Amino acid sequence: MNFHQIMQPRQRSQFQAVGEFLYIDACPESVSITTERGDYRLKQGAQIIDPQLAGRVTVENMGEAGAVTIICGYGRYVPPSDGQQVAVTQMPAVTLSPNQMMNIGKLPQVALVDGQAVIISQLPKVELEDNQQVTVSQLPEVSLAAGQQVAVTELPRVKLESGQAVRVYATTPMLTKPVGGENIATSELAITEGIAELASNTSRCHVLLKASSTNADAITLGSGWTLAAGEQLKLETTAALSFAGTDGDAIQIIEVTR
């Protein structure tokens with residue numbers, strides 16, 4: 001494993017070296033290195049090459065306080081020149097101990113070939129701060145297996161644009177609650193010159209009609225509906241109503257309004 005630590009003057013520290021070389025990548029002035037096979041005093045850029053290097057290494061900072069970085073590995077370490085990059089094409093297998101975690105702070109850019117897809121089988125838990133929101137602009141297609149169902153317990157608020165409408169279709173009748181009124185007005189219309197008329201009323205919920213029980217003849221509503229003496233009729237309409245009958249006969253009215 002590699003070594004990186006901020007060390008004070010004459011401070012000592014130990015680590016376990018794995019490999020065949022030990023390279024001093026950074027140190028304030030020089031460091032004293034003690035391995036199981038010898039003692040060394042090295043400056044930045046120096047390295048030890050030993051096929052039997054693996055084991056406990058003691059590091060002592062011989063200079064001012066500062067960062068000490070030591071790189072271990074197999075073969076021989078060739079440091080990159082200024083501005084040059086080192087390309088790592090293969091890494092050895094890594095085994096994590098139980099409950100050990102690896103922190104990946106940044107991933108390189110990944111370019112996908114046309115038609116290539118990435119399948120994400122699991123995502124880590126995400127915790128949102130107070131008042132923080134996640135905007136989902138598009139969801140992938142979802143195919144449900146036979147007999148599978150999706151339960152929707154809550155939907156977000158939906159704002160309709162001007163002129164936009166939502167159509168509701170149902171296979172069973174939808175029951176609606178009758179609209180109730182707040183006011184009641186009673187009146188009686190007498191047939192004069194064969195006709196009588198009830199004016200329209202936009203605040204009307206419904207109207208109750210009753211042909212007077214003392215009428216001599218039936219009263220005709222509109223173009224053909226007749227009400228015999230004492231007969232009643234309820235209409236849920238705000239329109240004007242016209243009646244025809246014998247002069248002197250009357251129709252009693254109750255208007256229920258909002």
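Reader: Which residues does V31 touch, not counting residues up to four places away in sequence?

Author: Leaving out residues up to four places away in sequence, V31 touches I24, Y40, R41, L42, V59, E60, N61, M62 and V68. Please keep in mind throughout that this is a predicted model.

Reader: Where does V31 sit, and is V31 buried or exposed?

Author: V31 has its place in strand 4, and V31 counts as buried because its relative accessible area is 0%, where buried means under 20%.

Reader: How far is V31 from G73?

Author: Their C-alpha atoms are separated by 19 Å, and the two residues are 42 residues apart along the chain.

Reader: What about T35, where is that one?

Author: T35 also has a place in strand 4, which covers residues 30-35, and with a relative accessible area of 11% T35 is buried. Its side chain reaches the backbone nitrogen of R37 at 3.1 Å. Not counting residues up to four places away in sequence, T35 touches Y40, L53, R56 and V57.

Reader: Let me move to T69. Which strand holds T69, and what does its side chain make a polar contact with?

Author: T69 lies in strand 8, which runs over residues 66-73, and the side chain of T69 makes a polar contact with the side chain of H4 at 2.5 Å.

Reader: Why does T69 count as buried?

Author: T69 counts as buried because its relative accessibility is 15%, and the cut-off for buried is under 20%.

Reader: Let me change topic to the whole chain. How many helices and strands are there?

Author: The protein chain has zero helices and 16 strands.

Reader: What is its radius of gyration, and what would a compact globule have?

Author: The protein chain has a radius of gyration of 46 Å, whereas a compact globule of 258 residues would have one near 18 Å. Taken along the principal axes, the C-alpha atoms fill a box of roughly 135 × 45 × 35 Å.

Reader: How much of the chain counts as buried?

Author: Of the 258 residues, 24% count as buried. The accessible surface comes to about 21000 Å², and 50% of that surface belongs to carbon and sulfur atoms.

Reader: And what share of the contacts comes from residues 24 or more positions apart?

Author: Among contacts with a separation of 6 or more, residues 24 or more positions apart account for 72%.

Reader: How far apart are the mean positions of the positive and negative charges?

Author: They are 14 Å apart, for 17 positive and 26 negative charges.

Reader: Now L189, please. Where is L189 found, and how far is L189 from S13?

Author: L189 is found in strand 9, residues 183-190. From L189 to S13 the C-alpha to C-alpha distance is 110 Å in space, and the two are 176 residues apart in sequence.

Reader: Which residues is L189 in contact with, leaving aside its neighbours within four places in sequence?

Author: With those neighbours left aside, L189 is in contact with A196, E197, L198, F243, D249, A250, I251 and I253.

Reader: Last topic, backbone angles. Which phi values do N131 and E193 have?

Author: Most residues other than glycine have a negative phi. Phi of N131 is near 70°, a positive value in a residue other than glycine, and E193, which is not a glycine either, has a positive phi of about 55°.

Reader: Where do N131 and E193 lie, and are they buried or exposed?

Author: N131 lies in the loop between strand 8 and strand 9 and counts as exposed at 80% relative accessibility. E193 has its place in the loop between strand 9 and strand 10 (195-198), and E193 is exposed, with a relative accessible area of 71%.

Technical notes:
Residues are numbered from 1 along each chain as its sequence is written. Side-chain values use heavy atoms; hydrogens and water are left out. Helices (H or I, at least four residues) and strands (E, at least two) are DSSP runs, numbered from the N terminus. The radius of gyration is taken over C-alpha atoms; the globule rule is 2.2 Å times the number of residues to the power 0.38. Buried means under 20% relative accessible area, exposed over 50%, partly exposed in between (1.4 Å probe, protein chains only). Contact means heavy atoms within 4.5 Å. Accessible areas come from the Shrake-Rupley method with a 1.4 Å probe; for residues, only the protein chains shown count as cover. Lys and Arg count as positive and Asp and Glu as negative; His and the chain ends are not counted. The place of a charge is taken as NZ of Lys, CZ of Arg, CG of Asp or CD of Glu. A polar contact is a pair of N or O atoms within 3.5 Å; within protein, one must be able to donate a hydrogen and the other to accept it, and residues adjacent in sequence count only if both atoms are side-chain atoms.
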